[in-house]
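I opened this entry to keep a record of what I looked up. The two chains come first, then their contact, then single residues.

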Amino acid sequence: MSREEVEGAGANPGAELGTGLGPRLGRSPARQRLHRAKELLIETVIRVCGVSAVIFVFGIFYFVFREAAPLLFGGLDLGELLTSGEWYPDSDNPRYGAFALIAGTLAVTLLAMLIAVPLGLGAAIFVSEFSRGRTREILKIVIELLAAIPSVVWGFIGLVIMNPLIIDLFDTPVGLNVLNGAILLALMSVPIIVSIGEDALKAVPDTYREAAEAMGATRWQVTWRVLLPAARNGLLAAVLLGVGRAVGETMAVLMATGHSVNVPDSPLDSVRTITATIASELGETAQGSDHYRVLFVLGSLLFLITFLVNLTADLVIRGFKRR
Amino acid sequence: MGVFATSATARRRHRTQKLAFVVLLGVTVLLILPVLAILGMLVYRGAPALSLEFLFSEPVRGMTAGGIWPAIVGTMWLVGVSLAISAPIGVLAAVYLNEYAGDTWYTRVIHLAIVNLAGVPSIVHALFGVGAFVLFFEFGTSILSASLTLAIMTLPVIIASTKESLSAVPMSFREACWNVGATRWQTIRHVVLPNSIAGILTGVILQVSRAAGETAPIIFTGAAVFVPFLPSSVNDQTMALSMHLFTLSTQVQNVPQEITYGTALVLVGLVVLINGVSIVIRSRIRRRRKW
């Protein structure tokens, strides 16, 4: 676009006067050209913003991978990283075995989902099918507040409230463990399960409900026999998004799972997740060192995991929308 | 048996129905109770620490005394700058998706990217911020780097809620405008956006609340444990409320309990207050909407 057109576009009074009434009759051809130029400029900006999300996702992968690449293609034993439990990045003979970190992440996520899935889906069903009017509005607001509590506050709660509680209840020396982190993660991922699950139930046409009720089914029978099968895919997607959230959560698990590199045997063992390891060690490493780069390798791994989980969830949702 | 007498099956169905209701209600209450308990606990333990002096003075004696003013100011900087970046991009992206794009593979890719952007772990956003803004673009650890990272992380929030409010504007509004000869952009600028401004505002407010609470993305990109002065430009490092809470509860010994609780209460209070505003705005729009 020429400089003249850009200047003209900025000084075009017609657009202001027109207040949405468009190019008028009798306007000179030059004016109309300016007008079209302005429109084109704005449309270009909008189109660029439109693809910004794609650019950013690629950007994230590119820049994280860029820091990881020199190590990944220069001597890191990927097999050792994924299967060895020896995480000694600071020793004279550094070993980068992230198996314990992966196991920690899996343990916390799994236990969190065991708690969050029944709670989340139950609450989604209650909000969508068993409540109405004001009650429903209030429930939704409280669940939204649950989602709004920052993860560092959850971590703080894990430290000062859950920790002594778990020590008392289970008579263990340390309350910062898989169980503590899993309870926090469950509460953190429940809102997303509820809101996506509720959307899925809402997407089932009312005619299904009416048909079932007309045959004399109770509300529960309608839900169990008609709605849950019909909304199956959406509910699955809700669970997947909850898993994605739990795997990637950082501050809460950093503060509440006890910070010890360890393959857990029981929910009362302390662990350290992939995310917590990156968060706690990145600040102490020299930029460009192997330790620094291995953290970026772990970051790339996390990115790929959550990318796959989200992609699957999206495909599943698309499946049920098309049907 | 009479026509209106209840059969055994009917009674059993009724019992199951009641049981299901009670169980589901119990599950929901089980979710709500922790929220209330946590908020109550924070207020109970944190409120005694709150005072004008706590809010408006600096931490002293290795952060074991004094207030949290630099952290509050820092959070405002981070939120303000990230908002200035993500709001225009997010709103225009939503305009593109709702007003320009059709249902093509291309649009689907964009949707997928937005979902993924929302799903990328916060610590990966942090690594991205370090790799891209701190190192590659050489912004250093600064408010600018941290805010850019926050902006990209919270972009999906603005896009999603803007898009929702844009799609709530009836098609007939646009058609009426096109019919008097307005161009696409004129229609958007003078009809679509003014009619969805409240919804856009809700998204912006949610972005603010999200950005204010995030910790992981700012630790390595611009937030510092302690900075003895208030930031004066986007090139400075800064303290932040979320980071301060993390520092107080894990990095510093012998912090009096009420200071940590007070900090947590201020952070949660801020976030809940901001969310409350967005909830009020949203319910107002719903009530006032005429179409």
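My notes on the model follow.

**Conventions.** I worked from a predicted model, in which local features need pLDDT of at least 70, side-chain atom pairs count only at pLDDT 80 or more, and totals for chains, interfaces and linings use all residues. Residues are numbered from 1 along each chain as its sequence is written, and chains are lettered from A and ligands numbered from 1 in the order in which they are written.

**Confidence, chain A.** I looked up pLDDT (the predictor's confidence in each residue, from 0 to 100). Chain A averages 86, and 90% of the residues score at least 70. Over residues 1-23 of chain A, pLDDT stays under 50, though the model has 35 contacts beyond four places in sequence for them. A contact here means two residues whose C-beta atoms, placed from the backbone, lie within 7 Å. Where pLDDT is low, the predicted coordinates should not be read in detail.

**Chain A, overall.** I counted elements as DSSP runs, numbered from the N terminus: helices are H or I with at least four residues, strands are E with at least two. Chain A has 15 helices and two strands. Its radius of gyration is 26 Å, well over the 20 Å that the globule rule gives for 323 residues, so chain A is more spread out than a compact globule. The radius is taken over C-alpha atoms, and the rule is 2.2 Å times the number of residues to the power 0.38. The C-alpha box along the principal axes is roughly 85 × 70 × 35 Å.

I then checked burial: a residue is buried if 20 or more other C-beta atoms lie within 10 Å of its own, exposed if 12 or fewer, and partly exposed in between, with C-beta atoms placed from the backbone. In chain A, 46% of the 323 residues are buried. Helix α14 (residues 274-281) of chain A has six of its eight residues buried, so this helix is largely enclosed by the rest of the structure. Among them are Ile274(A) and Ile278(A).

**Chain B, overall.** I found 12 helices and two strands in chain B. Buried residues are 50% of chain B. Of its contacts with a separation of 6 or more, 76% join residues 24 or more positions apart.

**Between the chains.** How many residues of chain B are in contact with chain A? I noted 75, against 73 residues of chain A. Helix α1 (residues 8-46) of chain B gives the largest share of the chain B side, 17 residues. By class, that side has 53 nonpolar, 20 polar and two charged residues. Ala, Val, Leu, Ile, Met, Phe, Trp, Tyr, Cys and Pro count as nonpolar, Asp, Glu, Lys and Arg as charged, and the others, Gly among them, as polar.

**Core.** I defined a nonpolar core as a set of buried Ala, Val, Leu, Ile, Met, Phe, Trp, Tyr and Cys residues joined through C-beta atoms within 7 Å. The largest has 185 residues, and those with the most contacts inside it are Val153(A), Leu185(A), Ile193(A) and Leu78(B). Helix α6 (residues 99-130) of chain A gives the most to this core, 17 residues. Beyond four places in sequence, Leu185(A) contacts residues including Val108(A), Ala112(A) and Val253(A).

**Val157(B).** I placed Val157(B) in helix α6 (residues 143-167) of chain B. Val157(B) counts as buried because it has 22 C-beta neighbours inside 10 Å. Not counting residues up to four places away in sequence, Val157(B) touches Gly203(B), Leu206(B), Gln207(B) and Arg210(B).
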